[in-house]
Amino acid sequence: MSEKLAKVLTSINTGNEGDGVDRLHFAGAPKVCMMCLGLLLLLKFMNIIPIVCWVPYMYTSQDWVEYATMYCYVSNTFLPMNREVFGHESLHDVQDGNVFYLRYFQWVQFIFIIIAIAFYLPRLIWQGILEAEGVNITAMVKTVNGFESAMDVKKRETALDHLTKYLMVHFQSKNNRRLATTVSPFKRIVSRVTCTSRSDPSYVGKMYLLVKALQMVNCVAIMFAMNLWLDGYHLYGFDVIRALFQDNYSEVNKFPYLTFCNLTKKEMTENNEHSFVCLLTMNIFYEKIFTLFWFYLLYVVIVTLLNVIGWFRNILQGGRQAAFMKHMLIMSHSADFDESNAKDMQDFKEFMRSFLKPDGVFVFQMIARNTTSIVMVEVIGKVWNLFKGQKAAREEANRRKQEEAEAMAAKADNLYPTLPTS
């Protein structure tokens, strides 16, 4: 069993199409859920009896005792609203209208599976968006990390040149494809719902923000879904901390050890209802597992919230993107860039506005989150040099065309001089 669980954990691909918080969602959280599930399965193989019920004296047969116990296990046991098991003169004093049912006890394993799937779903959406846009960030990151570890200087430079040319072709093709894109009616509807369109130069970045918002909603939804299962779980960790400081941990009682169970038994011509008191032995372990899991969920929520705020600022504030690229060019030793040169600054504005555009900067920001800054500045420096060289070549070609046009116009004037007017 341990080997199968290890294979499941190692098969969860972390990928490089997101930042660290993305990997926390689609790799870290599912692994934690699978570890909790593995622990519960281990307890099962240790032959720990999940529930033990006290049955009335009339259940003389061992078969009836086992039947009653299993019935209480598969049905929902309950407690009075005051959670007092021994605060009543008889079991019949506990009325159905004044009780609450423990709906989680039989479904804990499935709860962790559902949570793991919920954490992984936003990644599938993000991968679909990247595939539709032709952005393969994972391949770019692998290439960058590949030549970063290369010992041969020539091989390293060759790999760097290949990646730079690939990025240039990628940005140019995206610009050309964006101009030629035809939008279907369905995509128009999606664009109106998401307040963006594929012709938007910041489309990929905005869709990433949508995925980030979905991650945040996902965290809150998981917390409140757990609250439906476990009755007050969204504040459970705070209750535990307060109880520990007040030295009354037993009053938290979110995972009660003793509960009630009703069973109707047909005897002769009438049905008799019997009430049992059951000991939920697994709640001893559920209590500790869900306490630690609550704090883990709180950590994920806080980190995700801060991450969402940071990405909203990075993508929606154009000044931050320009500052990021300028900082990278200044740090790069290979970049032919001088911040004090007016011509370079004019080219830089064109580089940001017409060539990279917001999505191009976003791609660089995402690659930077998955590699070292030393390599990233060299890649950006190479891309800048290629852009600057191509721009200079275009300007030179335009200048020559202009000179040729002027020379042809002058030659035409010499061949066909203007007649003097009388």
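**View 1. Lys-212 is buried, with a relative accessibility of 0%.** Buried means under 20% relative accessible area, exposed means over 50%, and partly exposed lies in between (1.4 Å probe, protein chains only). This is a predicted model, in which local features need pLDDT of at least 70 and side-chain atom pairs count only at pLDDT 80 or more, while totals for chains, interfaces and linings use all residues. Residues are numbered from 1 along each chain as its sequence is written, and side-chain values use heavy atoms, with hydrogens and water left out. Lys-212 and Asp-19 meet through their side chains in a salt bridge, at 3.2 Å from N to O. The two partners sit in distant parts of the chain, 193 residues apart: Lys-212 belongs to helix 8 (residues 203–230), and Asp-19 to the loop between helix 1 (2–11) and helix 2. Asp-19 also counts as buried, at 2% relative accessibility. A salt bridge is a side-chain nitrogen of Lys or Arg within 4 Å of a carboxyl oxygen of Asp or Glu. Side chains of opposite charge can pair when their charged atoms come close. The structure holds 14 salt bridges.

**View 2. Asp-19 reaches the start of helix 2.** A side-chain oxygen of Asp-19 comes within 3.3 Å of the backbone nitrogen of Val-21. A polar contact is a pair of N or O atoms within 3.5 Å; within protein, one must be able to donate a hydrogen and the other to accept it, and residues adjacent in sequence count only if both atoms are side-chain atoms. Asp-19 is the residue that forms the salt bridge with Lys-212.

**View 3. Helix 2 kinks at Gly-28.** The kink is about 30° and lies shortly before the proline Pro-30. The bend at a residue is the angle between axes fitted to the seven residues ending there and the seven starting there. Helices (H or I, at least four residues) and strands (E, at least two) are DSSP runs, numbered from the N terminus. How far apart are the end C-alpha atoms of helix 2? They are 35 Å apart, which agrees with the 38 Å that its 26 residues (20–45) should span at 1.5 Å a residue. The expected span is 1.5 Å times one less than the number of residues.

View 4. Asn-47 sits in the loop between helix 2 and strand 1 (51–54). Its phi is positive, about 60°, although Asn-47 is not a glycine. Asn-47 is exposed, because its relative accessible area is 66%.

**View 5. A nonpolar patch on the surface includes Ile-113.** Ile-113 lies in helix 4 (residues 108–133). At 33% relative accessibility, Ile-113 is partly exposed. Patches are made of residues with over 30% relative accessible area and no salt bridge; like charges are joined within 9 Å, nonpolar side chains (Val, Leu, Ile, Met, Phe, Trp, Tyr) within 5 Å. Accessible areas come from the Shrake-Rupley method with a 1.4 Å probe, and for residues only the protein chains shown count as cover.

**View 6. Glu-395 and Lys-343 form a salt bridge.** Their closest N and O atoms are 4.0 Å apart. The pair links distant parts of the chain, 52 residues apart, with Glu-395 in helix 13 (residues 373–415) and Lys-343 in helix 12 (residues 342–368). Glu-395 is partly exposed at 36%, and Lys-343 is partly exposed at 40%.

**View 7. Arg-399 and Glu-396 pair within helix 13.** Their side chains meet in a salt bridge at 2.3 Å, N to O. The two are three residues apart in the helix, so about one helical turn separates them. Arg-399 is partly exposed at 38% relative accessibility. Glu-396 is partly exposed at 28%. Salt bridges that share partners also join Lys-343, Asp-347, Glu-350, Lys-391 and Glu-395 into one network.

**View 8. Lys-357 is found in helix 12.** Lys-357 has a positive phi of about 65° although it is not a glycine. At 17% relative accessibility, Lys-357 counts as buried. Ala-368 is also placed in helix 12. Ala-368 is partly exposed, with a relative accessible area of 21%. The C-alpha atoms of Ala-368 and Val-144 are separated by 9.9 Å, while the residues are 224 apart along the chain.

**View 9. Cys-278 lies in strand 5 (residues 270–280).** Is Cys-278 buried or exposed? Cys-278 is buried, with a relative accessible area of 0%. Cys-72 is 206 residues from Cys-278 in sequence and 8.0 Å from it in space, C-alpha to C-alpha.
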